[in-house]
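We will go from one stop to the next.

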Amino acid sequence: MDFKLSEEHELFRRTAREFAQKELEPRAKEFEDKHKIPKDVLQKLGELGYLGLAVPEAYGGVGADALSYAIVMEELSKACASTSTVVTVQNTLVEFPIVEFGTEAQKRKYLPKLATGEWFGAFALTEPESGSDAAGMKTTARREGDVYVLNGSKRFITNAAFARLFVVFALTAPEAGNRGVSCFLVERDTPGFTVGREEDKMGIRGTSTCELFFEDCRVPAENLLGEENKGFKIAMLTLDAGRIGIAAQALGIAEAAFDEALKYAQERTAFGQPLAAFQAIQFKLADMKAQIEAARWLVYHAAWKKDQGEDYILESSLAKLYASEVASRVADEAVQIHGGYGYIRDYKVERLYRDARITRIYEGTSEIQKLIIARQLLGRK
Ligand SMILES: Cc1cc2nc3c(=O)[nH]c(=O)nc-3n(C[C@H](O)[C@H](O)[C@H](O)COP(=O)(O)OP(=O)(O)OC[C@H]3O[C@@H](n4cnc5c(N)ncnc54)[C@H](O)[C@@H]3O)c2cc1C
C-alpha cells in the first residue's frame, strides 16, 4: 500500500493551491457579498482546466482521474466553497452524465463548451415536493413527434442563474415511478423554459440557487440523454460520482477551519498565556486533526476505487457522510476556539461554519447516505 501521492497528483495540488490562495482566498468574502463568482474567476477556472477535469481530451477536457479532481476540489474549497461548488456541479453533475450516457453528437456539441467554461451547466433533479425521494417528482415529459413537451418545476438548482445547459429529469411514464424517469439536455433559450428567483442562503452565498419552470417546453427528441425511462439510473450514478466531489469539498472546508483555529490558538492569549497552552484547547485541536485525517483517507480511497474501475458506491457515500459531518464539527470547534471573534464576519471561520452546513444536505442528506450505506452492506443494491 502506497500512501504517497504521485508527482502528477502533487502537481494538481500545488497548482490548485496556488490559484486558490492567490485568486480566491482574498476575494471569497466579496463573492459572498455580491452573491456571484465574477466572470474573470470563472474564466480562469476554465483556463486552468478545472471545468473539464474528467472530460476526455478528445472533447476539450483534461482527462484527469478522480483523485486529481478530489485534490483540486479540496484545495479550492479551503479558500472558497462557493467557487468549488460551481466546479463540482460542472464536472460531476453535468459533464459526467454526458460523458457516460451521451451520444457522440451530444458529446461533440456540449462537452467542449462545458470543459472550457464557454458554457456552464446545471443539474435539475430536486422539485418543490421531492428531494430525497427523487422519484416522487411531478415534472412530466410527453413525446410529440420529434419533441418532448416538458411541464413542471424544479427547486434549488445550483448555477441556474448563468447556466446555458440544464440536465433535467422528468417523468415519461408517470405510472412507472422511478422506472418512468427520463433525462434531457435542455438549453437555456428553449421556449417554455424559465429560470425563477434566487434563494437567499445561509452559506455558499457566492453560488446561485434558483427555481426552474417548464411550461409546454419543447425539447428536441435528440436531446434525450440515455434511453427513455432509464433516467433515474443516470441520476443515481451521477450522484454516486458527485459525492466524491462534495466529500472533498467538506474535507477542504474542515482543513481550512482547522488551520484558522491552530493559528488563532497560538496568537490569542488569555490568563497570561496563549490559548494553545490550555490542554482543553489542545484536545480540541487533536480531535479536529484526527477526524480530518480519517476523512481525508475516506475521500482519497473513494476516488482511488473509482480510478481502479471498481464499484465505489459504498466508498463515496462513506466519504460524503463522514467528511461532511467532520466539516460541520470542525468548523463549529474552530468558531469556539475563536470565541466572540468566531461569530464576526471579518473572521474566516464564520463563513466556513456556514459553508460546511450544506455538505450534509445536498447530493443526498446524511440520512440518505446512511440508507445507501446500509443497502450496500445488506446486499440490497
Ligand atoms: C444550496 C443548495 C443547492 C442545491 N443544489 C441542487 C442542484 O443543483 N440540483 C438538484 O437537483 N438539487 C439541489 N439541491 C437540493 C438538495 O439535493 C435537496 O435539498 C436534498 O436532497 C434534500 O431534499 P429536500 O430538501 O427535499 O429534503 P427532504 O427530502 O424533504 O428531507 C427532509 C429531511 O428528512 C430526511 N429524510 C428524508 N427521507 C428520509 C428517509 N427515507 N429516512 C430518513 N430520513 C429521511 C432528510 O434526510 C432530511 O433531514 C440543493 C439544495 C440546496 C440547499
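Which residue in β4 is the bridge partner of Ala122? Select Phe166, because that is the partner in β4.

Two notes before moving on. This is a predicted model: local features need pLDDT of at least 70, side-chain atom pairs count only at pLDDT 80 or more, and totals for chains, interfaces and linings use all residues. Residues are numbered from 1 along each chain as its sequence is written.

**Stop 1: strand β4**

Select residues 165–171, which form strand β4. Helices (H or I, at least four residues) and strands (E, at least two) are DSSP runs, numbered from the N terminus. Two strands pair if DSSP finds at least two bridges between them. Find Ala170: Ser182 in β5 stands opposite.

Is β4 mostly covered or uncovered? Seven of its seven residues are buried, so β4 is mostly covered. A residue is buried if 20 or more other C-beta atoms, placed from the backbone, lie within 10 Å of its own. Leu165, Val167, Phe169 and Leu171 are on one side of β4. Phe166, Val168 and Ala170 are on the other.

**Stop 2**

Select Phe184. Leaving aside neighbours within four places in sequence, its contacts include Val168, Ala170, Tyr148 and Leu225. Contact means that C-beta atoms, placed from the backbone, lie within 7 Å.

Phe184 is also among the residues with the most contacts inside the largest nonpolar core, which has 124 residues. Such a core is a set of buried Ala, Val, Leu, Ile, Met, Phe, Trp, Tyr and Cys residues joined through C-beta atoms within 7 Å. Next, select helix α7, residues 231–267. α7 gives the most to this core, with 19 residues.

**Stop 3: the domains**

Colour domain 1 (7–118), domain 2 (122–232) and domain 3 (233–377). These bounds come from an automatic or database domain assignment. The centres of domains 1 and 3, taken over C-alpha atoms, are 21 Å apart. Here 23 residues of domain 1 are in contact with 23 residues of domain 3. On the domain 1 side, α2 (28–34), α4 (66–79) and α5 (81–101) each supply at least two residues.

**Stop 4: helix α11**

Finish at residues 366–377, helix α11. Gly379 follows α11, with a positive phi near 75 degrees.

Notes: The expected span of a helix is 1.5 Å times one less than its number of residues. Two residues are in contact if their C-beta atoms, placed from the backbone, lie within 7 Å. A residue is buried if 20 or more other C-beta atoms lie within 10 Å of its own, exposed if 12 or fewer, and partly exposed in between; C-beta atoms are placed from the backbone.
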